Every structure is written in structure tokens, then in C-alpha cells.
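Please read them with the structure open.

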Amino acid sequence: PLRPGMIRKKAGHICNIASAAGLVGISKMTDYSASKFAAVGMTESLRNELKHRKLYGIKTTCVMPYYINTGMFAGIPSNPLLPILDERYVVSRIVHAIRTDTAVLQLPALVNLLAPCRLLPVSVFDWMAMC
């Protein structure tokens with residue numbers, strides 16, 4: 001994903017759109033979750049590679065939203081804690097994240113709790129993921 005011009009200028013921004021499904025495996029969406037886990041891992045690896053290569057002017061942002069109202073997830077029930085996100089809202093947050101060099105953007109805020117939940121026993125985490 002590194003463009004020669006970015007390396008030459010030592011500047012640029014790479015934004016990868018993953019999903020909250022890249023943080024927790026989703027039943028009946030194994031291939032989708034796997035591809036999103038890959039996007040999260042690639043962005044993390046790239047961010048560390050850029051630091052190792054002292055390319056500090058090239059930034060990365062990894063976006064991990066819950067379901068977005070694009071039609072892809074039509075019929076998915078919403079709940080008050082994890083609402084289906086409005087696409088315009090998500091876009092505005094992505095643009096802001098890029099402009100402020102935010103490395104990780106998880107939407108809605110509740111998605112930020114997934115990482116600490118990984119410290120729980122696997123059976124508890126899996127039960128929570130099914131809720």
C-alpha cells in the first residue's frame with residue numbers, strides 16, 4: 001500500500017476501512033470477519049513498519065465501524081447500545097480522523113470496549129459476542 005511518492009516525500013495518509021467485525025468473530029459471517037481482521041492487522045503492521053523505517057510523516061487510520069446503513073446489512077435488527085450507523089455520520093468521522101491523524105476509529109464508542117473484553121475468559125467473551 002505504500003506509494004513511491006509517499007516514501008519519497010515522507011508524507012501521506014493511508015486509511016483502511018475494516019469493521020467492528022475485525023475485532024470479534026461474527027457467527028455466519030466468517031469470511032467477512034476474517035477479511036476485516038486482516039485489514040486491522042495489516043494497518044497495525046504497516047503503522048509499525050512506517051515507524052521502524054522512520055517514515056513518521058506517513059500516517060495510517062484504521063476504521064472499525066459497527067453496521068452502517070448502506071443497504072448491505074438491511075434487515076439487521078438495531079439495538080439502543082449498538083445502533084445502525086448513518087453513512088453520512090461515519091464519513092464525517094472518517095474525514096475528521098484523517099485530518100487529526102487518528103490511528104484507530106471505532107464507531108460507536110461502545111466498540112472501544114471490545115479490546116479490554118479480550119482479557120475475559122474465552123467462553124465469557126464468546127457469550128458476550130453472541131448477545
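**Notes on the predicted model**

1. The partners are Tyr66 and Tyr67, with ring centres 4.5 Å apart and planes at 45° to each other, a tilted arrangement. The pair counts as tilted because planes under 30 degrees apart would be stacked and those over 60 edge-to-face.

2. Are the two tyrosines buried or exposed? Tyr66 has a relative accessible area of 17% and is buried. Tyr67 is buried as well, at 14% relative accessibility. Both assignments follow from the cut-off, since buried means under 20%.

3. On the cysteines, the structure holds 0 disulfides. For Cys15, the nearest cysteine sulfur belongs to Cys62 and lies 8.0 Å away, and Cys15 is in no disulfide. That distance rules the pair out because a disulfide requires the sulfur atoms to be within 2.5 Å.

4. Cys15 is partly exposed, with a relative accessible area of 28%. Cys117 is buried, at 16% relative accessibility.

5. Turning to the strands, S2 covers residues 58–65 and S3 covers residues 104–107. S2 and S3 pair in the parallel sense, over 4 bridges. Within this pairing, Met64 stands opposite Gln106 of S3.

6. Which elements make up the β-α-β unit, and what is its handedness? The unit consists of S2, helix H3 (residues 87–99) and S3, and it is left-handed.

Conventions
Residues are numbered from 1 along each chain as its sequence is written. This is a predicted model: local features need pLDDT of at least 70, side-chain atom pairs count only at pLDDT 80 or more; totals for chains, interfaces and linings use all residues. Side-chain values use heavy atoms; hydrogens and water are left out. Two strands pair if DSSP finds at least two bridges between them. Helices (H or I, at least four residues) and strands (E, at least two) are DSSP runs, numbered from the N terminus. A crossover is right-handed if, with the strands pointing away from the viewer, the path from the first strand over the helix to the second runs clockwise. Rings of Phe, Tyr and Trp (its six-membered ring) pair if their centres lie within 6.5 Å; planes under 30 degrees apart count as stacked, over 60 as edge-to-face and the rest as tilted. Buried means under 20% relative accessible area, exposed over 50%, partly exposed in between (1.4 Å probe, protein chains only).
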